[in-house]
Amino acid sequence: MGGPVRSSAWYSGDDRNAYIHRAWMRRGVPGDAFTGRPQIAIANTASDLTPCNAHLNEVADSVRHGVWEAGGVPLNLPVVSLGETNVRPTAMLWRNLAAMATEELLRANPIDGVVLLGGCDKTIPALLMAAASVDLPALVVPGGPMLTGTFRGTPLGCGTDVWRLSEEVRAGTLSREAFLESESSMIRSRGHCNTMGTASTMGLLAEALGTTLPGLAGIPAADSRLLAKAHESGRTIVEMVAAGRRPSQVLTPASFHNAIVTLAAIGGSTNAVVHLLAIAGRLGIPLTLADFDRIGAGVPLLVDLQPAGRFLMEDLHRAGGLHAVLAQVLDLLAPEAITVTGRPLVEGVDGTPIWDGEVIRTRSDPLRQDAGIAVLRGNLAPDGAIVKPAAASPELLTHRGRAVVFDSVEDLHARIDDEDLDVDADSVLVLRGCGPRGYPGMPEVANLPLPAKLLRAGVRDMVRVCDGRMSGTAYGTVVLHVAPEAAAGGPLARVRSGDWISLDVPGRRLDVEVPAEELAAREPAPAMTEGLASPRRGWEQLYVRTVRGADTGADLDFLVGSSGHAVARESH
Ligand code: FES
Ligand code: MG
């Protein structure tokens, strides 16, 4: 790149302002720290209230060593952190806040590059959205998944087995005592959920997008190779500053293509759709829902991980990791996409061996042929809805049933186990008012629990339709992200219990069998208009007023796009 680094605008010169900038930052660093050496922020989501990221301070230390070693100056920058299991009403309400706050901090400070430390679901997406909008050299160090915990000799998958065991309690096949006993076995080590949930998915996609060092994503959090790669990442970010390699050069349409292929091959979380759309939006890349279907449709499912399959992230790493998967779909990847190293993603991938063919399948023997996320349209979802066939029951992918409609999560909980509820195994459970605006924040409630009386009768899956999201660790024949959402006037608001709903995943359709005139003439359910949240102040108010639909990534309308890193005015 040549020329002075960005931070020279703060630190160089002999005037009063340069004096102030340098003097307060000295605190023991060598005097030459301010003579044009790259200033590297470590955007750190370590927090005791984000247990999945609590170990990131140690990861940050390794990054710091690498930055110093390469001639840069590392600077710890704690940023908004979101713990999926703790934050109410849903961590998704704050993803855009985390992205906005991080973006502003990166721009406002004297830094030349940034290392992004994330893990738990929303943290990597938020960090990438921020870095894309500022467009300073950036790379991700995913914090890595937990080691596998076991209960009574059987591996426990984070999230997935909570859903499974709690349904067993409701069905009467597991005692509550045994259920509670499993609680202390679930989280065995530092790190994020070890199923192919959103955190694992976004870590792997960060690499598929080219934003991590090759071979980094998926290393378990407790594995010392993570720290070695973190150290190396510290060196690499300094090189990136020297080369002027920015997110806008790494995150291209080709890299999103590779992320979508990867998402299908690993059987990744549906939440990745919303996150990738939002990241692309920050870069002005016209990614749409249709691209997920077009690019992902013919991609085989190769990774046998929970929630759709059997194994956990530690097994994936042992079996060869992401590169072993990418090697199987090499011909489907865009060869021109580069990584933070400046070299192509596909370089060095060819021929990566699979060490356990049960965990990672070969191209000629996939778990399933067309694994991509299916995008549905129809009179119930004019702007689209998605379903993950890999997590669904094949026999329900073409289905017709009578709607049983719930207007809110509270309505659902009040009535779902009512013995008199008019529902059978063929019914379609509809939950609305759970989109970005309606809840607000778009919670992970789309995999609504099945009625207890049907569980007792042995039913384990039903078609469900919702404008909310589903945890990446969940499974079932669930149509989610229905757009426009009911609270934004979508036709979902006009469905009534008893209407026939038809789902045709092969044909990519989701329809309610009500004539167009009749559907249009119906009043939306009162709860979709009267019951809406109308917060008077604070973030929530800003969010409800400006959030966009799930079909475009649920970002705030004024955050779409990029502002770059220029700051015109001085603070003194
Ligand atoms: Fe943090 Fe699952 S709760 S990744
Ligand atoms: Mg999750």
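Visitor: Over how many bridges do strands β1 and β3 pair?
Guide: Strands here are DSSP runs of E, at least two residues long, numbered from the N terminus, and two of them pair if DSSP finds at least two bridges between them. β1 covers residues 39-44 and β3 covers residues 113-118. They run in the parallel sense, and the count is 5 bridges.

Visitor: Before we go on, what kind of model is this?
Guide: Residues are numbered from 1 along each chain as its sequence is written, and chains are lettered from A and ligands numbered from 1 in the order written. Local features need pLDDT of at least 70, side-chain atom pairs count only at pLDDT 80 or more, and totals for chains, interfaces and linings use all residues, since this is a predicted model.

Visitor: Which residue in β3 stands opposite A41?
Guide: We're still on the pairing of β1 with β3, which is parallel. The residue in β3 facing A41 is V114.

Visitor: In what order do the strands of the open sheet come?
Guide: The sheet has 4 strands, with parallel pairing. β2 (73-78) and β4 (138-142) each pair on one side only, which puts them at the edges. Reading across, you get β2-β1-β3-β4.

Visitor: By what angle are neighbouring strands turned, on average?
Guide: Axes are lines fitted to C-alpha atoms, for helices over the stretch in contact, and angles run from 0 to 180 degrees between N-to-C directions. For this sheet's neighbours, though, direction is ignored. The average is 20°.

Visitor: Which helix lies across β1, β3 and β4?
Guide: Helices are DSSP runs of H or I, at least four residues long. The one you want spans residues 123-134 and runs at about 165° to β3. That's α5.

Note on methods. Contact = placed C-beta atoms within 7 Å.
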